[in-house]
Amino acid sequence: MYVAVKGGEKAIDNAHAWLDELRRGDTDIPEMSIAQIRSQLALSVDRVMAEGSLYDPDLAALAIKQSRGDLIEAIFLIRAYRTTLPRFGGSAPIKTADMACMRRISATFKDVPGGQVLGPTFDYTHRLLDFKLAAEGVPSKAEKAGVVGDEVKPHITDFLNQEGLIQTEPGSDATPPDLTREPLELPASRALRLQALTRGDEGFVLGMGYSTQRGYGRNHAFVGELRIGDVAVEMEIPELGFSVEIAEIEVSECETVNQFAGSKTEPPQFTRGYGLVFGQSERKAISMALLDRALRWKELGEDNSDSPAQDEEFVLYHCDNIQATGFVEHIKLPHYVDFQAELELVRTLRKEATEANAQREAAK
Amino acid sequence: MNSEYNFAYLDEQTKRMIRRALLKGVAIPGYQVPFASREMPMPYGWGTGGVQVTAACLTPDDTLKVIDQGADDTTNAVSIRKFFEKTAGVAVSDETAKATVIQTRHRIPERDLSENQIIVYQVPIPEPLRFLEPRETETRKMHALEEYGLMHVKLYEDIARHGHIATSYAYPVMIEGRYVMDPSPIPKFDNPKMEMAALQLFGAGREQRIYAVPPYTKVVSLDFEDYPFEKGGATQGCGLCDAQDSYLDEMIMDDSGARMSVCSDSDYCRERRDAGYVGEMGVPQKTVTEDAA
């Protein structure tokens with residue numbers, strides 16, 4: 001006799017218990033603390049905050065711990081938590097020109113007011129495994145070479161602007177749309193596109209940005225400026241009638257300067273791509289700027305070369321890793337019913353085909 | 001019930017936003033209403049759209065039934081049911097007749113639904129034209145202009161190539177003579193049931209769309225005069241309850257590949273077995289008196 005499969009509930013509970021045991025791992029090894037993750041896996045924490053769209057390093061560290069280091073899973077935890085938070089209002093736009101920069105470089109000018117600051121970068125390290133780290137050696141200390149970050153560093157593209165060589169971006173006081181509160185409808189404004197890209201998957205945005213460099217929607221970019229540092233977040237309190245500083249956050253900002261030969265509507269001048277990401281993530285900021293610039297083809301009257309990076313619908317509908325991972329992975333859920341329907345269809349079609357063949361054979 | 005979250009998890013503002021979309025959907029049957037889908041604590045593809053619609057519909061007096069592939073004990077159905085037990089504290093039931101709200105993935109229960117029931121479908125891809133035209137900007141235009149020629153060409157090509165319309169689930173339907181709609185991936189066997197007394201609501205979380213079919217709305221599965229729609233279905237009865245009118249799942253029983261077909265609707269099968277029906281491979285249910293003895 002056949003007994004229908006039961007016990008989904010028990011299986012789920014047991015699976016969760018096992019998962020939790022594996023998350024903790026070998027109990028002879030000390031447990032990781034949130035503070036350890038936050039300070040020693042800071043770039044993971046930054047990625048989770050950026051793509052989770054929530055600036056909270058402690059929660060991001062907790063999510064990384066809970067997800068066993070699976071960053072997309074951690075981002076998902078943060079997103080699910082974020083939706084439950086009440087909204088008190090919107091902050092004033094952050095002023096990245098006032099950033100206390102820990103890193104600030106330009107690929108277009110050798111020297112600029114405020115100077116170049118290399119900052120803590122992997123760029124010129126030799127990628128050799130450092131076995132000293134395996135031995136959990138002495139903490140390394142960097143010597144301080146004067147005060148960094150106090151001096152105001154104006155945006156480098158502003159210098160180009162003095163000659164009118166770079167396109168001026170139209171300002172607007174309109175409240176920007178909010179991707180997390182309104183459904184995505186196309187065509188999207190640039191503000192909405194940038195919002196989608198900054199929380200988009202780092203790998204996806206990187207791949208798309210890369211494709212523009214290899215000729216799929218090429219826009220030949222120079223990194224006009226890349227800066228990383230802290231900025232103040234201010235919010236206007238209606239009862240007070242003025243803005244007060246409510247937080248300080250770390251962001252990475254990239255402005256690209258792109259060649260532009262001019263078009264029917266615009267004179268030849270430089271144009272920009274823009275990337276802004278929570279935390280320290282210049283890979284993402286640069287990729288985002290490349291992709292932003294590629295997506296602006298219509299506004300600048302450029303040709304559409306049918307490249308994926310120029311295709312707003314393609315990019316915006318596929319850059320979110322939480323949506324992507326959910327839908328890709330959902331095909332492991334039961335599809336017994338649909339499959340049964342397909343089975344019946346294929347059997348019918350095969351039966352008819354076999355019969356038709358047999359008749360043809362017989363007629364020979 | 002867990003009081004860290006609002007009733008049925010979502011905050012009241014969000015529920016209001018979803019209800020507005022639902023009302024619009026009911027007012028324009030078959031039209032896909034964009035809504036600001038929220039990130040839910042389960043992944044996209046697991047029924048986040050359905051869960052949001054259910055959350056917006058539930059009241060504390062409701063009785064909820066959740067099925068996946070027709071069954072109440074499928075892992076994801078268990079997980080969603082638990083979620084609402086925890087966050088809404090509503091009564092739950094496996095019995096189709098007792099439920100006031102039924103959330104489903106891939107099936108419509110065999111038993112007829114009544115006017116005081118709501119059935120919520122989980123929808124992966126709400127756009128019936130998506131696989132003919134990948135662009136949302138285009139498909140919205142096609143719906144607006146009632147330009148469904150492409151769909152008929154597809155069905156015609158199926159017939160030309162296979163002698164049949166080669167769509168066996170998520171079979172497109174025309175709602176009240178206006179919108180072509182995706183009924184979600186239910187087997188086409190279930191399509192005729194869609195003209196029903198209950199309110200049918202559809203939620204697609206990742207795609208941010210809600211749509212609805214009000215009670216007694218005309219639902220026509222697309223076909224041609226000379227190739228009328230056929231609902232298909234198994235030719236034998238259920239191995240456990242002998243139902244001849246129910247959608248069956250095929251199970252592989254042993255290494256030699258012996259098969260058995262059983263009702264996909266587990267509650268319908270149970271009800272029939274309780275009533276004394278026995279299939280070829282079933283055993284008679286013990287009666288209560290025997291149990292006591």
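The largest nonpolar core has 60 residues, and those with the most contacts inside it are B:Leu22, B:Leu58 and B:Val120. A nonpolar core is a set of buried Ala, Val, Leu, Ile, Met, Phe, Trp, Tyr and Cys residues joined through C-beta atoms within 7 Å; a residue is buried if 20 or more other C-beta atoms lie within 10 Å of its own, with C-beta atoms placed from the backbone. Beyond its neighbours within four places in sequence, B:Leu22 touches B:Val53, B:Ala56, B:Leu201, B:Ile210 and B:Ala212, where contact requires backbone-placed C-beta atoms within 7 Å. Apart from this core lies another, of 53 residues, including A:Ile37, A:Ala63, A:Ile75 and A:Phe76.

The model is predicted: local features need pLDDT of at least 70 and side-chain atom pairs count only at pLDDT 80 or more, whereas totals for chains, interfaces and linings use all residues. Residues are numbered from 1 along each chain as its sequence is written, while chains are lettered from A and ligands numbered from 1 in the order in which they are written.

B:Leu22 also takes part in a helix contact, in which B:Lys15, B:Ile18, B:Arg19 and B:Leu22 of H1(B) meet B:Gln52, B:Val53, B:Ala55 and B:Ala56 of H2(B). The residues of this contact comprise five nonpolar, one polar and two charged; Ala, Val, Leu, Ile, Met, Phe, Trp, Tyr, Cys and Pro count as nonpolar, Asp, Glu, Lys and Arg as charged, and the others, Gly among them, as polar. The angle between H1(B) and H2(B) is about 100°, with their axes 9 Å apart; axes are lines fitted to C-alpha atoms, for helices over the stretch in contact, and angles run from 0 to 180 degrees between N-to-C directions. The two helices are therefore roughly perpendicular to each other, a term for angles of 65 to 115 degrees.

Between the chains, 41 residues of chain A are in contact with 49 residues of chain B. The side of chain A that touches chain B divides into 20 nonpolar, nine polar and 12 charged residues. H13(A) gives the largest share, 12 residues. The table lists the elements of chain A that give two or more residues to this side; helices (H or I, at least four residues) and strands (E, at least two) are DSSP runs, numbered from the N terminus.

| Helix of chain A | Residues |
|---|---|
| H1(A) | residues 8-24 |
| H5(A) | residues 71-82 |
| H12(A) | residues 321-329 |
| H13(A) | residues 336-363 |

Chain B also holds an open sheet of three strands, in the order S7-S6-S10 with antiparallel pairing; strands pair if DSSP finds at least two bridges between them.

Note on methods:
Parallel < 35°, antiparallel > 145°, perpendicular 65-115°, else oblique. Contact = placed C-beta atoms within 7 Å. Buried ≥ 20, exposed ≤ 12 C-beta atoms within 10 Å, placed from the backbone.
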